[in-house]
Amino acid sequence: MTNEKMLQIINQAISTKSTANLFLVKEELEQEIRKSCEKSRGKLRPFKAVMNIIKSTCSEHLKGSWISNDIQYVTNGYIGIALNKESHMDLPEMDEQMTPPNLNTIFDNCRKNAIIPLQLPAASEVKSIIKIEKAKGEPKDKIFYDFGDESLPMVNANCLLWVLEALPGSEAFIPERGSAINPILFKSNDGEALLCPVRRNTK
């Protein structure tokens, strides 16, 4: 939302004495403050990536971040992010009336099984694939990154890009069996992530 648009909404609220749309301005200003804070820490790109994950959630009750045992979690239903205490971000929080999913248990299970290293592409390579496929008219949810043969995972390219940017310098691991359908585990100095593959008949 541009400054001009925000000013238009404020002026409309003043003239009509209605505050209905002021919530949008409040939300936008809060996000700009968060972006400014993360930029000063040199974390703007990871912050934007995590915000994309939050915005793309498959369910409203998953929207926002929460903290458990000093780990900051975010999920959209397909990606799980777990940030170490030193790497927490100034993110919008999940509605306190919602019960967050138990991502800690899911991460624990994946750590036990994900032992085979997976070679990751550079974020720039994934960006190029997304741009090329978008130019062909492919919708976002139909742009994929394929790690290789049928024994390896295939993932949504935008989701992969968000994880790579959220946790720069990550290493990835997959289970010895069922790697085409089980989550990929990402590890970095900032935390961990899980990314669910898509089934190949989706392609």
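A few notes before we zoom in: the model is predicted, so local features need pLDDT of at least 70 and side-chain atom pairs count only at pLDDT 80 or more, while totals for chains, interfaces and linings use all residues. Residues are numbered from 1 along each chain as its sequence is written, and side-chain values use heavy atoms, with hydrogens and water left out.

**View 1. Strand 3 sits between two antiparallel partners, strand 2 and strand 9.** Strands here are DSSP runs of E with at least two residues, helices are runs of H or I with at least four residues, and both are numbered from the N terminus. Two strands count as paired if DSSP finds at least two bridges between them. Strand 2 and strand 3 share 4 bridges, with Val 74 opposite Ile 81. These two strands make a hairpin with 3 residues between them, and Gly 77 in the turn shows a positive phi of about 100°. Strand 3 and strand 9 (residues 191-195) are joined over 5 bridges, and here Leu 83 faces Gly 191. How many residues of strand 3 are buried? The count is 5 of the 5 in residues 79-83, so the strand is largely enclosed by the rest of the structure. Buried means under 20% relative accessible area, exposed means over 50%, and partly exposed lies in between (1.4 Å probe, protein chains only). In a regular strand, side chains alternate between the two faces of the sheet. Both faces of strand 3 are covered, with Ile 79, Ile 81 and Leu 83 buried on one side and Gly 80 and Ala 82 buried on the other.

View 2. Is Asn 69 buried or exposed? Asn 69 counts as exposed, at 67% relative accessibility, whereas Asp 70 is partly exposed at 44%.

**View 3. Thr 57, in the loop between helix 3 (44-55) and strand 1.** With a relative accessible area of 14%, Thr 57 is buried. A polar atom of the Thr 57 side chain lies 2.8 Å from the backbone oxygen of Ser 59. Polar contacts are pairs of N or O atoms within 3.5 Å; within protein, one must be able to donate a hydrogen and the other to accept it, and residues adjacent in sequence count only if both atoms are side-chain atoms. Beyond its neighbours within four places in sequence, Thr 57 is in contact (heavy atoms within 4.5 Å) with Leu 62, Lys 63, Thr 75 and Asn 76.

View 4. Among the buried residues are Asn 158, Trp 162 and Glu 165. At the start of helix 6, a side-chain oxygen of Asn 156 reaches to within 2.9 Å of the backbone nitrogen of Asn 158.

**View 5. Cys 110 and Cys 196, with sulfurs 8.0 Å apart.** For each of the two, the other holds the closest cysteine sulfur, too far for a bond. A disulfide is a pair of cysteine sulfur atoms within 2.5 Å, and a search of the whole structure finds 0. Cys 110 is buried at 12% relative accessible area, whereas Cys 196 counts as partly exposed at 32%.
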